[in-house]
Amino acid sequence: MKERVRLMNYQQYLLPVLLLPLACFLLLGLFGKKHLKNASGVIGTASMFAVTIISVLVAGRYFFADGKVDGVYQHLIAYKYNWLAFSPTLSIDMGAIVDPISMMMIVVVSFISLMVHIFSLGYMKGEERFTTYYAYLSLFTFSMLGLVLSSNIFQMYIFWELVGVSSFLLIGFYYNKPSAVVASKKAFMVTRFADFGFLIGILVLSFYGGTLDFNALIQRLTAPQSGEFVSITTASFLGISMLTWGLCLVFVGGAGKSAMFPLHIWLPDAMEGPTPVSALIHAATMVVAGVYLVARLFPVFAIDVPALQIVTWVGAISALVAAIIACTQTDIKRVLAYSTMSQIGYMMFALGISRYGGENGLGYTASLFHLFTHAFFKSLLFLGAGVIIHFVHSNDLKDMGGLRKLMPVTHIAFLVACLAIAGVPPFAGFFSKEEILTASFHSNKIIYAIALFTAVLTAFYMFRLYFSIFWRKEATVHGTHNADGTASMKIPLIVLMICSVGAGLVPITKMVTSDGVPLETHMDVLFSLVPIVLVLFAIFFAARMYKKENGSAGKMAVAFGSFYKAATKKFYVDEIYLFITRKVIFNLIGRPAAWIDRNIIDAFVNGVAATTARISGLIKGLQSGKVQTYALYFFSGIAGLAVLFIYLWK
Amino acid sequence: MWTDFLILMKQEMAVIAMIFILLFMKLGRDRSNESFMNTMNVLLLLNLILGFVFNHEGILFNEMFRTSRLIAFEKNILNLAMLIISLQSYSWLKTNKHVPEFYILMLSSLLGMFFMISSGNLLMFYLGLEMSTIPLAAAANFDLTKRRSSEGAMKLIFSSAFSSACLLFGISMLYGTTGTLVFSELPHLINNNPLQLFAFILIIAGFAFKISVVPFHLWTADVYEGAPVAVTSFLSVVSKGAVLFAFVSVLYTVFSPLAKVWYNMLFILSLLTIITGNLFAIRQENFKRFLAFSSIAQVGFILVGISRSSDISTTSVIYFVLIYVFSNLAAFGVVSLVTAVTGKENISDYKGFYKTNPGLSWVLTIALFSLAGVPPTAGFFGKFFLLIAGAGKGNYVLISIAAVNIVISLYYYLRVVKAIFMDANPTPLPSIRTPLMPKLAFIVCVAGAVTIGVVSPVYDYIYSLIVLR
């Protein structure tokens, strides 16, 4: 009885969490432009505020009051509607799952979204499509919350695509800007391409698992005696078991959304969207959906080591490559974009090296811990960058410098965020990164080395950014007050700054673990000392090079020579894609298709016009050939099928 | 007993009644186009409502004609599409001198389709098929002053004569080897002998021609481009839908002994169709041609769903056709309106369309998104269900290629959306006033394209009809 009361309460809370943003989107989208022009921002923010409060309350109740039974966090289903009975054995339910990761995520998503809503009040003020902007933000928040609460893999896929749609709309928000249009299309296409992997993965898993429900799927595919488990592990394609195929395909979807190498090419371009949007979607929430997806299916991943290996190496390579590229970029938002990619790579490989349960699950916990802290400091960095761009009217580092006195609030906030991402104690990033390093040290030394090196690089490029923006030279503009922006822009910065300091103290390790049992972690001072010293050294090095304008940065570039050049060009990944699409696909597939098109279809149309003119007489013109060609094709079709199926393929 | 046949054939009777009403109206005093169109729209609406009540199961004329609640529902989908097309062609028909003839042709074709879907005998099936095709060839020629229109009509009649001949050849061979043409008797007599296989291939080719499956599709683009938009949308939605319904039932009942053969055959044909349709759609400049090729690709996806015989496949196909009615007709409706008012048909003409026609732009965008399968539009669910229906052991290659092609199709649909919203154009199309009738049609289409996917009872209803059968 008590159980039922509790579940009903969750439904009561979680439905508004989803429905408020949706209602807000419909309200602003349908009526906003005409009637609510000025109030739209306030309406959006107010509804988001309510959503945040409810989310925090629900999560608080779950974590501290009734989520735990006998010391283990439960997977509850808040509500579940049988949405569609696909066939007698396979039905699709729409529900909400209540477990540690979903609760953590709704807090993160709603909180960051609220901050962005508030920030945009000032940042987007005077924008012609202000209302549309808030409508899109609501749509995104709705989809993202729906994604994290999904209790069913198909439901998640719907929201997954919806998140992609809203991201597409928001990246292309400045639709008069050609680069924004191109970027939005690129982002949509690349992630959609990755989603096809996800789709096939869903089909494979559901075909063998016989269900689309997460809990049931996990239960069936992790029990070694179950018929589903036996059939999926014994069936194989190209010598790889179907379980591995299914998981890897699902991971392809996750990698696309989370901008993992080599599907990351859309993320830097996505920075064409408004900066607060980058903070929300491309830093804190949507891009971690891939991590969330792997975490959601983690029990299944954990029994399939090859799939986890792939997750590990894709994550590690992304972390490293992105960090190297970030060192060379001069566009402030692009640096942040690559750093996002690098940090998500961190989360990915932490998941990859983890195993299920107890101490072995440290990587899992660490990954989600890092997701949690990263959301705060990365959105802070983006919002800070937003203030700077708003003031300087440029994204380029060379237009900045010496801004520390002009914008004291932003300066402090940015500094805190940089310290947090670099992993300097006692800021938030230190704790989560420490966990990841510990976990990787215990499972794979090579990964540990990559992680450590990436951490050092991270500190270096973040402080390169910091010193280039705020120090380096004296500001050229003087006496401008209000460089920090309006109060609505300052408040989120200050709140997020406090979070970036404090988030590391939230006992995520006790709350979010692979098997629901709280994990006892202990800090090893000696172990932590190595990364801290290296990171401090990197910061010092960055300060030497970038605090004052001198030639040392250029000398460095020269010293690294072609490597530096390759990194500036993002290792030519974009060029490789262009080469493959333009040269290979166009020549091998497009050209012949074009040839057929030109010589058969087009030539036919033109031919008809020409012949009709010449022979003057439509019937004659038609008889002169081409319907016969059609008949010929028709007949060869029949003949081909006949030969194939009567003689060859019996 | 005669009441039995009135009730069982009520949908056919209703169509015949409409044809007679039109004839009498035409014979009487001169009437304005408006009065014809209004009468027809009201009658079509009544016809649609009638289709949902008093549906019984039954067999008539020695199994020549059979009906069930599922068949009645399928006919109703076609009725709905017919109504939407009628509403949408308002602007085009307003100035046309031959309104009654247009309706008579369309309704005759519809009647043929009804008989085809209801047939329980291959002869009846053939009769229905012919009855639906010949009026369409005349209708394709309806732009009497345009050469393209006549050209399209000629091509349609020639190619369909060819395909009918093949179909008939196949049917006669089947008769020769089995001695019967009744659906319920054929499955027991069909085995893998080569003559029957060849007959089967000929019959498949006849179907494939109608639903434009590659390589039997070549007529499609020319006819679609030449015919008036109303006829094009009829061809691409109603005609295709009807043949698909008949195809599914013939394939799953009559040819069930050959399941292994047609599975492989559909595998090849669907891949050919999807890939060819997509590759050609990418390059098209003419909007109608573009929709023609994109609809070829759509049929390829339907074949993926059909390839595995099951209740789920049948449901998914009918469900997809329903969604396709809404999304494709919305797209054709906008094109029809724009063509009727401005005479422009190219995709590049639509650059900056949003600036002048925001409402129509949204209709078109939702339609294209639904065709591309972007959630939350219904097309997303339709495609997903088709893929699930087609997925099974060992055909990951097919499913993967189909899924990749969904992405490719997204590319060219987005290209149009981009032209509408983002491309600058100094001389965009003028602002177009939408008359009431097309507006109603757009509202129905958009509502359908947005809600059918999310509202699960629709799928459940179709599924229940099939399980009942």
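Predicted model: local features only at pLDDT ≥ 70, side-chain atom pairs only at ≥ 80, totals over all residues.
Reader: Which loop holds B:Phe61, and what is its phi?

Author: B:Phe61 belongs to the loop between β1 (58-60) and β2 (65-67) of chain B. Its phi is positive, about 50°, although the residue is not a glycine.

Reader: Is B:Phe61 buried or exposed?

Author: The call rests on a count of C-beta atoms within 10 Å, with 12 or fewer read as exposed. B:Phe61 has 12 others in that range, so it is exposed.

Reader: Turning to helix packing, at what angle do α6 and α9 of chain A pack?

Author: Angles over 145 degrees count as roughly antiparallel. Helix α6 (residues 178-209) and helix α9 (residues 242-257) of chain A pack at about 150°, with axes 7 Å apart. The pair α6(A) and α9(A) is therefore roughly antiparallel. Their crossing is left-handed.

Reader: Which residues make that contact between α6(A) and α9(A)?

Author: On the α6(A) side they include A:Phe193, A:Ala194, A:Gly197, A:Gly201 and A:Val204. On the α9(A) side, A:Trp245, A:Gly246, A:Leu249, A:Gly253 and A:Gly256 are among them. By class, the contact of α6(A) with α9(A) has 14 nonpolar, six polar and two charged residues.

Reader: How far apart are the axes of α15 and α19 in chain A?

Author: Helix α15 (residues 332-353) and helix α19 (residues 445-470) of chain A have axes 11 Å apart and an angle of about 160°. α15(A) and α19(A) are therefore roughly antiparallel, and α15(A) passes α19(A) in a left-handed crossing. Contributors include A:Ser339, A:Tyr346 and A:Phe349 of α15(A), along with A:Thr454, A:Tyr461 and A:Leu465 of α19(A). The contact of α15(A) with α19(A) has ten nonpolar, four polar and no charged residues.

Reader: How many helices and strands does chain A have, and what percentage of its residues count as buried?

Author: Chain A has 27 helices and six strands. Of its 650 residues, 54% count as buried. Among contacts in chain A between residues at least 6 apart in sequence, 78% join residues at least 24 apart.

Reader: How many residues are in the largest nonpolar core?

Author: The general idea comes from another setting: in soluble globular proteins, nonpolar side chains tend to be buried together. Here the largest nonpolar core has 415 residues, and B:Ala81 and B:Ala330 have the most contacts inside it. The largest share of this core, 20 residues, comes from helix α15 (residues 311-342) of chain B. Apart from neighbours within four places in sequence, B:Ala81 is in contact with B:Val237, B:Val238, B:Gly241, B:Val325 and B:Leu329.

Reader: How many residues of chain B are in contact with chain A, and which element gives the most?

Author: Contact joins 53 residues of chain B to 41 residues of chain A. Elements giving two or more residues on the chain B side include α8 (147-178), α13 (259-283) and α21 (457-468). α19(B) gives the most to that side, with twelve residues. By class, the side of chain B that touches chain A has 40 nonpolar, six polar and seven charged residues.

Methods. Residues numbered from 1 in each chain as written. Chains lettered and ligands numbered in written order. Axes fitted to C-alpha atoms, helices over the stretch in contact; angles between N-to-C directions. Helix = DSSP H or I, 4+ residues; strand = E, 2+ residues; numbered from the N terminus. Parallel < 35°, antiparallel > 145°, perpendicular 65-115°, else oblique. Left-handed = near helix turned anticlockwise from the far one by under 90°. Contact = placed C-beta atoms within 7 Å. Nonpolar A, V, L, I, M, F, W, Y, C, P; charged D, E, K, R; others polar. Core = buried A, V, L, I, M, F, W, Y, C linked by C-beta atoms within 7 Å. Buried ≥ 20, exposed ≤ 12 C-beta atoms within 10 Å, placed from the backbone.
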